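Colleague: I would like to learn how to read a helix crossing. Please put the model up.

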Amino acid sequence: MPRLPTPDAPPMTMSEAIGGPRGIIDSSIPTVAFVTVNAEAGLTAGIAVAVAAALALLVLRIVRHEPTQQTFSGLFAVAVAAFVASRTGDAKGFFLPGIAKNAVGVVVALLSVVLRRPIAGYLMAGLDARYVGWQNDSRQRRAAVWATLVWGAVFALRFGVQGVLYLADESGWLAAANIALGLPLFGLAVLASFAIVRRLAPLPPQPPAAAVVDGEVVGSEWVGSEAVEGEVVRADGPSPEAPGSAGRVSP
């Protein structure tokens with residue numbers, strides 16, 4: 001799981017946010033396979049090929065010892081979509097679970113903001129422990145609200161576009177919209193969320209850790225915004241007479 005960017009960390013790139021070109025390809029293959037085969041050989045064949053493609057991608061990842069979390073999620077989504085399509089007997093049913101998921105996403109995002117419990121705040125705390133107290137910090141709460149609204153807008157766009165195409169029985173365009181509004185839009189939303197958090201609720205850099213120099217352990221701690229120099233400790237015990245070592249606070 002990625003961590004929220006710290007003030008001194010380089011910003012995340014679009015490629016990193018969506019898992020690189022491989023992420024787009026892996027997420028697109030089952031959908032393209034379903035629409036193509038369905039048009040040529042029918043719904044049952046399209047479902048079988050889509051599930052087989054998702055399974056093949058998972059096996060390939062395992063064989064190459066690559067991360068499989070995203071592929072497992074994709075396989076589950078394809079399996080649910082295939083089940084719904086088989087029950088409705090219509091190719092557009094393959095996209096119905098995704099449309100419903102985005103509708104739920106809009107409701108949850110907006111409801112969490114109205115209740116002053118924006119979902120993004122809990123995600124911030126899960127990604128970086130320094131945001132655990134976000135509810136008690138006005139800047140962090142504001143960042144959580146705006147980040148949640150970004151995701152609400154993403155879900156609303158997906159639901160609106162795909163909902164219209166679903167009602168128009170445009171399975172081919174549904175597939176195109178599913179791909180275009182999938183990982184690429186997800187990546188943009190991740191970058192926008194991180195940018196909002198960095199700008200509205202920046203965190204100070206992590207305090208320097210204790211260092212060992214020539215057999216001595218030099219410690220330091222942060223009190224508020226002031227740096228307090230720690231005691232110089234030798235291997236044979238503390239050295240209270242070390243010049244300028246103990247109890248000095250930087251002005």
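Modeller: Start with handedness: a crossing is left-handed if the near helix is turned anticlockwise from the far one by less than a right angle, and right-handed if clockwise. Here, H6 and H7 cross in the right-handed sense. Helices are DSSP runs (H or I, at least four residues; strands are E, at least two), numbered from the N terminus. This is a predicted model: local features need pLDDT of at least 70, side-chain atom pairs count only at pLDDT 80 or more, and totals for chains, interfaces and linings use all residues. Residues are numbered from 1 along each chain as its sequence is written, and side-chain values use heavy atoms, with hydrogens and water left out.

Colleague: Which residues of H6 and H7 make the contact?

Modeller: Contact means heavy atoms within 4.5 Å. H6 supplies Ile119, Ala120, Gly121 and Met124, while H7 supplies Gln140, Ala144, Ala147 and Thr148.

Colleague: At what angle do H6 and H7 pack?

Modeller: Axes are lines fitted to C-alpha atoms, for helices over the stretch in contact, and angles run from 0 to 180 degrees between N-to-C directions. H6 (residues 119-127) and H7 (residues 138-167) pack at about 115°, their axes 7 Å apart. H6 and H7 are therefore roughly perpendicular (65 to 115 degrees).

Colleague: Now the whole protein. How many helices and strands does the protein have?

Modeller: Nine helices and four strands. From the N terminus, the order is α-α-α-α-α-α-α-α-α-β-β-β-β.

Colleague: What share of the residues is buried?

Modeller: Buried means under 20% relative accessible area, with a 1.4 Å probe and protein chains only. Of 251 residues, 35% count as buried.

Notes
Parallel < 35°, antiparallel > 145°, perpendicular 65-115°, else oblique. Buried < 20%, exposed > 50% of the residue type's maximum accessible area, 1.4 Å probe, protein only.
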